[in-house]
Amino acid sequence: MASDRLMRIHSAEFQDMAERVLRVTELTSRLNVLPFEDEAGKAEVFEQILGKPLPPRVTIYPPFYTDHGLHLDLAERVFINQNCTFLDCAGIRLGERVMIGPKVTFITSGHPVDPEERRLYLTGAPIDVAENVWIGAGATILPGVSIGRDAVVAAGAVVADDVPPASLVTSSKATVHRRW
């Protein structure tokens with residue numbers, strides 16, 4: 001699932017994705033127990049997770065979590081701090097010099113809001129983060145969001161809408177929009 005769409009949960013495509021998620025969960029479990037100084041071991045496991053070597057000068061501090069890995073596109077000089085989660089089934093792109101604080105979560109998949117469809121489908125939309133963006137600790141980036149060049153997402157922010165270039169995004173206040 002690498003685009004804006006619905007995937008039927010009881011389908012061959014979903015089964016293939018679920019098998020990949022199990023494999024990558026095994027790989028991230030292995031990665032997260034390696035000694036911190038084992039650069040060669042970490043590089044080998046990251047290559048299996050991403051399906052290619054890490055780009056030059058990418059720094060990722062474990063623990064690190066992803067559910068798919070093959071749809072995580074990292075440019076050069078990306079920094080990812082500890083305890084970050086990348087649910088990348090629909091695709092996540094991080095541009096050059098992006099800095100990710102600890103405990104940041106990227107989510108590209110979800111379920112329909114309609115209760116009748118919720119257990120039948122998985123929804124997905126990619127996340128795109130432009131160059132030189134800083135995402136603060138504990139922020140959550142939701143499906144379909146684009147973050148413009150030089151923007152800053154403050155710690156704890158929940159980002160559900162696109163972020164213009166060179167802007168600051170704050171707040172995690174929940175808002176009730178409607179009741180069922």
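Analyst: Start with Arg-93, which is partly exposed, with a relative accessible area of 27%. This is a predicted model. The side chain of Arg-93 meets that of Glu-131 in a salt bridge, at 4.0 Å from N to O. The pair links distant parts of the chain. Arg-93 sits in strand β7 (residues 92-94). Glu-131 lies in the loop between β12 (127-129) and β13 (134-135). The two are 38 residues apart. Glu-131 is partly exposed too, with a relative accessible area of 25%.

Next, the pair Asp-150 and Arg-149. Their side chains meet in a salt bridge of 3.8 Å, N to O. Asp-150 has 35% relative accessibility and counts as partly exposed. Arg-149, at 39%, is also partly exposed.

These pairs belong together. Arg-93, Asp-128, Glu-131, Arg-149 and Asp-150 are linked in a network of salt bridges. Across the whole structure, a search finds eight salt bridges. Side chains of opposite charge can pair when their charged atoms come close.

Now the helix. Another salt bridge joins the side chains of Arg-23 and Glu-26, at 2.9 Å from N to O. Both residues are in helix α1, three residues apart, which means that about one helical turn separates them. An α-helix has 3.6 residues a turn, so residues three or four places apart point the same way. Arg-23 is partly exposed, with a relative accessible area of 33%. Glu-26 is partly exposed as well, at 43%.

What does the rest of α1 look like? Helix α1 covers residues 12-31, 20 residues in total. From its first C-alpha to its last it reaches 29 Å. That is close to the 28 Å expected at 1.5 Å a residue. Its buried residues are Met-17, Arg-20, Val-24, Leu-27, Thr-28 and Leu-31. They cover an arc of only 95° around the axis, so they lie on the same side of α1. The face turned away from that buried side carries the exposed residues Ala-12 and Leu-22.

What does the buried side pack against? The buried residues of α1 pack against β1 (5-8), α2 (39-50), β3 (64-66) and β11 (121-124).

Arg-93 and Glu-131 link distant parts of the chain, and both belong to the salt-bridge network.

Conventions. Residues are numbered from 1 along each chain as its sequence is written. This is a predicted model: local features need pLDDT of at least 70, side-chain atom pairs count only at pLDDT 80 or more; totals for chains, interfaces and linings use all residues. Side-chain values use heavy atoms; hydrogens and water are left out. Helices (H or I, at least four residues) and strands (E, at least two) are DSSP runs, numbered from the N terminus. The expected span of a helix is 1.5 Å times one less than its number of residues. Buried means under 20% relative accessible area, exposed over 50%, partly exposed in between (1.4 Å probe, protein chains only). The arc is that of the directions from the helix axis to the C-beta atoms. Contact means heavy atoms within 4.5 Å.
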